[in-house]
Amino acid sequence: MDDKDTPRVGAAVRRRRRTLGLTLAAVASRSGLSVPFLSQIENERARPSARSLDRVAEALETTTGRLRAAADSARAVDVVRAEEGEGVRRLVRGRHQLSALEFTGEPDLGREFQHRNDELMYVVAGAVDVEAEGQVHRLEHGDTLFLSGGVRHRWRATVPGTRLLVVAVAEHIDATFDSRR
């Protein structure tokens, strides 16, 4: 594998390890890899082979795909300029724990949504009607609406030029609680 194709997963490995409350020594024991090598991976001084990444993922109770997806957020700082989109605009590029979209204009997508993770709607300008849990909520400039994961909803702009910011926990992140686990 070319060095450019080798994933930079250090930050993702560290976040996952800390989420599980594991030490480097515990991950080393689970994976059969050395503490110094794991430290080098976390600090981006070493890039694991596919086999080593498989072992790390297994030790962290996840998959290589999820580690790679989490690592897709290699840029710590990324500016998205206002002129970079009209209509529906991604405010966060790549696959991160956070998803943010800005809707501009008068979209009435005519469909109901249900996301597994939490979502926040913020009206930057104009107004929208959001139907959720059998109620219609009128939101105007500066208003926010929080929706827990799993809540079915639909929305439509009611004023020309409306700008709606939608921020959510990204779909590829398992942020829901499942009591059956």
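Helices (H or I, at least four residues) and strands (E, at least two) are DSSP runs, numbered from the N terminus. Glutamate 102 lies in one such run, strand β2. The model is predicted, and local features need pLDDT of at least 70, side-chain atom pairs count only at pLDDT 80 or more, while totals for chains, interfaces and linings use all residues. Residues are numbered from 1 along each chain as its sequence is written, and side-chain values use heavy atoms, with hydrogens and water left out.

A nonpolar core is a set of buried Ala, Val, Leu, Ile, Met, Phe, Trp, Tyr and Cys residues joined through side-chain atoms within 4.5 Å. Buried here means under 20% relative accessible area, exposed means over 50%, and partly exposed is in between (1.4 Å probe, protein chains only). The largest nonpolar core has 17 residues, and Val13, Leu38, Val56 and Leu67 touch the most other members. Two or more residues of this core come from each of α1 (10-19), α2 (24-31), α3 (35-42), α4 (50-59) and α5 (64-71). Helix α4 gives the largest share, four residues. In soluble globular proteins, nonpolar side chains tend to be buried together.

Contact means heavy atoms within 4.5 Å. Apart from neighbours within four places in sequence, valine 13 is in contact with Ile41, Glu42, Val56, Leu60 and Leu67. Helix α5 has Thr64, Leu67, Ala69 and Ala71 as buried residues, and the buried residues of α5 pack against α1 and α4.

Charged pairs also occur in the model. A salt bridge is a side-chain nitrogen of Lys or Arg within 4 Å of a carboxyl oxygen of Asp or Glu, and the whole structure has ten of them. One joins the side chains of arginine 17 and glutamate 42, at 2.6 Å from N to O. Because arginine 17 lies in helix α1 and glutamate 42 in helix α3, this pair ties together parts that are 25 residues apart in sequence. Arginine 17 counts as buried, at 11% relative accessibility, and glutamate 42 is buried too, with a relative accessible area of 5%.

Another salt bridge connects the side chains of glutamate 112 and arginine 152 (2.9 Å, N to O). Glutamate 112 is in the loop between β2 (98-105) and β3 (119-125), and arginine 152 is in the loop between β6 (144-147) and β7 (153-157), so the pair links distant parts of the chain, 40 residues apart. Glutamate 112 is partly exposed, with a relative accessible area of 34%, and arginine 152 is partly exposed at 46%. Both belong to a network of salt bridges that links Glu112, Glu131, Arg152 and Arg154.

A further salt bridge is formed by the side chains of aspartate 129 and arginine 138, at 3.7 Å from N to O. Here aspartate 129 is buried, with a relative accessible area of 17%, whereas arginine 138 is partly exposed at 44%.

Not counting residues up to four places away in sequence, glutamate 102 touches Gly87, Val88, Arg89, Leu91, Arg163, Leu164 and Leu165.
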